[in-house]
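Dear colleague,

Please keep it open while you read.

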Amino acid sequence: FGGYDSGDSTYDYVVIGGGTAGLAIASRLSELLNSTVIVLEAGSNVERLPEVFIPGLVGTGQAFTTLNWGYKTIPQEHLNGRTTTINAGKALGGSTIINSMIFPRAEKEQYDAWGTLNDDDPQWTWDSMLPFFRKLELFTRPTESQVLSGVLFDEHVHGTDVDHGRVKVGYPNYFYDQSKMWHNASGFSPSPDLSNGSPQGTVGVAPNSLDAQNNTRCSSVCAYYTPFSNRPNFRVLTGVFVNRILWSMTGTTGATRTDPLKAIGVEYRTENGLVRHVNVRKEVIVSAGTIATPKILELSGVGNTTILKNAGVTPILDLPTVGENLADHVHGWANAFTNASVTRDLLTLDPRFKEEQQDLWFHNRSGVLSAAPRSLGLAVASDLFTPVQLEQLMQHTEDNMAHYALLFSNGNLNLAKGIEAQYAIVMSLWKRDKLAPVELNLEPGYAGPTAFEDRPHEKYTSINAVLFSPLSRGRTHVNSSNPADTSVIDPAYYSHPLDLAIHTRGIQLGRSMLQTPPLDTIYQGEYEPGPEKTSATTVEEWTKNSVSSDNHVVGTMAMLPADMGGVVDTRLKIYGVQNVRIVDASIIPIPISAHICSTVYMIAEKAAEFIREDSSLQ
Ligand SMILES: Cc1cc2nc3c(=O)[nH]c(=O)nc-3n(C[C@H](O)[C@H](O)[C@H](O)COP(=O)(O)OP(=O)(O)OC[C@H]3O[C@@H](n4cnc5c(N)ncnc54)[C@H](O)[C@@H]3O)c2cc1C
């Protein structure tokens with residue numbers, strides 16, 4: 001297990017990508033003892049790297065180019081022509097190897113929106129998703145000292161089934177003074193639990209994907225693979241790069257195809273360049289993530305025929321919205337110098353401090369390395385704008401919904417309808433304060449766009465301000481038939497004007513929080529955006545020049561009806577294809593106001609159930 005396949009072979013289920021969703025669904029399918037499952041993963045198993053398993057080292061793993069696909073965007077018109085990087089884990093465990101382990105959920109109304117967009121399908125509502133959110137979790141109640149440090153929780157919304165729960169969820173062992181101060185400075189009310197489906201307008205200590213017994217990261221490898229790696233029907237190949245899906249070539253091809261396409265195998269390349277394939281008996285499941293999944297489909301001939309022909313790929317099935325509808329959260333900051341006694345900066349600035357903290361963590365799992373420190377505050381529209389400003393922004397957005405939907409649809413009228421339907425939902429949630437357009441969270445150390453070498457070597461307090469409800473939609477497509485070439489990725493950040501307006505306002509709010517009691521007692525002057533940036537225009541300009549991806553890309557294989565530009569149906573099957581499901585963040589039809597990892601696991605758990613149900617009908 002975990003090595004190279006000795007040759008071509010046949011499996012019931014072939015899973016492309018052993019990341020967050022890929023390992024989750026493969027593991028659940030391997031519970032069906034009469035089924036064989038293989039996972040094909042490009043990266044390797046790096047669970048034993050300290051940068052991966054020590055919670056306080058979050059952020060360092062993504063700097064390893066070997067662990068990060070680091071997808072580059074094309075120059076972004078509304079970011080003054082800058083290119084940006086969308087990070088994504090390149091390892092067994094995918095992005096759960098390098099992510100920040102923040103593990104909340106979004107507002108229940110936003111999950112209900114998935115059903116609304118899909119002809120009111122009851123399979124995709126908060127109520128029908130909650131059992132799967134609970135199923136995936138193995139929650140550890142916070143200790144008395146964690147509760148005294150401000151952790152609030154509602155056990156009913158968590159999963160505690162020791163036999164079936166998988167992702168270990170817990171809380172940090174170390175609490176920075178400034179995080180506690182920020183809870184008061186934010187002005188938000190305390191959240192009873194950031195996973196309860198009503199986080200908007202509240203602040204709280206985020207649950208983490210963390211093994212509370214050992215105080216180590218719980219990635220999808222820890223949750224879904226390591227404990228089950230000796231199952232004879234569960235095989236994982238690492239270091240293999242999938243090129244394409246192989247189809248049964250009976251029937252017609254191209255736009256005139258009427259019979260559903262059937263996958264018969266998957267072609268991959270080994271690290272030493274050998275091209276091999278595996279055969280599939282039942283289904284192929286694509287879980288390569290929001291950027292790589294549409295690429296694999298396009299290289300397999302499924303996508304927009306014109307785009308495929310231009311790239312030199314032979315079209316097999318015309319599905320013009322593959323790779324469209326891309327949405328991403330956008331990350332911005334405000335930060336200030338601080339006289340707080342402990343910040344994360346000390347890990348870099350003071351070798352003795354770092355050594356002490358390492359000793360503490362290895363000795364009894366305490367100290368700053370025992371925490372991936374995130375307290376989240378979810379601002380609603382009325383926290384950001386006055387009623388008059390809000391009225392004007394909403395009016396302008398509502399008046400122009402059809403215009404922007406068409407603009408972002410790449411000429412596809414079905415997708416324009418789908419995007420416009422998304423906008424109508426967003427506007428209605430805005431009006432009812434059922435959606436947090438911006439998340440603000442405190443980082444007890446430097447967070448911002450300036451490299452260590454280029455900034456003063458001081459201690460900082462930062463507020464991350466993340467745009468959570470983008471209306472801009474972009475796309476990712478191949479422009480070559482060579483699998484080794486990267487796609488052309490255009491998230492079209494800020495191409496909807498509301499996005500820039502909201503995000504700039506969020507950054508301003510974060511900036512003012514740094515000077516609000518009691519945080520003002522540790523404030524030693526602003527570093528970024530910079531005290532000289534006082535007008536709305538100068539802050540807006542700084543925002544355009546500095547923001548980056550929050551690595552929460554979704555939507556490129558959207559679960560929407562076909563006449564709204566969808567790529568997969570509500571059982572996650574690709575339209576026009578018999579036996580390929582998409583199971584990862586790419587199916588999320590509309591961005592949610594939350595860190596998305598728990599939602600991706602929930603999708604995988606639901607998909608496993610769909611497959612179980614469908615196979616029992618055969
Ligand atoms: C730096 C960073 C920080 C984040 N922080 C948080 C956070 O704190 N909380 C949160 O909720 N979310 C966070 N996220 C987002 C979240 O982790 C991801 O959205 C989610 O894990 C994506 O899951 P996925 O299954 O769609 O894709 P992934 O987990 O990325 O899995 C895709 C897998 O497919 C593999 N793959 C790709 N192409 C091929 C190919 N051709 N052949 C074979 N294998 C291939 C990849 O190597 C990878 O293993 C973060 C993401 C990043 C990158």
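Helix H8 gives the most to the shell around the ligand, contributing four residues in what is a predicted model. Of the 40 residues around the ligand, those that come nearest are Gly-17, Gly-19, Gly-94, His-595 and Cys-597. The elements that give two or more residues to this shell are helix H1 (20-29), strand S12 (240-247), helix H8 (289-299) and helix H18 (597-617). By kind, the residues of the shell divide into 17 nonpolar, 20 polar and three charged.

His-552 is placed in the loop between strand S24 (548-549) and strand S25 (580-582), and it is buried, because 27 other C-beta atoms lie within 10 Å, where 20 or more are required. Not counting residues up to four places away in sequence, His-552 touches Asp-328, His-329, His-595 and Ile-596.

His-595, for its part, sits in the loop between S25 and H18 and is likewise buried, with 28 other C-beta atoms within 10 Å. Leaving aside neighbours within four places in sequence, His-595 is in contact with Ile-102, Pro-104 and His-552.

Finally, a word on helix H13 (residues 387-399): the number of its 13 residues that are buried is zero, so this helix lies largely in the open.

With best wishes

Conventions. Residues are numbered from 1 along each chain as its sequence is written. This is a predicted model: local features need pLDDT of at least 70, side-chain atom pairs count only at pLDDT 80 or more; totals for chains, interfaces and linings use all residues. A residue is near a molecule or strand if its C-beta atom, placed from the backbone, lies within 6 Å of it. Ala, Val, Leu, Ile, Met, Phe, Trp, Tyr, Cys and Pro count as nonpolar, Asp, Glu, Lys and Arg as charged, and the others, Gly among them, as polar. A residue is buried if 20 or more other C-beta atoms lie within 10 Å of its own, exposed if 12 or fewer, and partly exposed in between; C-beta atoms are placed from the backbone. Two residues are in contact if their C-beta atoms, placed from the backbone, lie within 7 Å.
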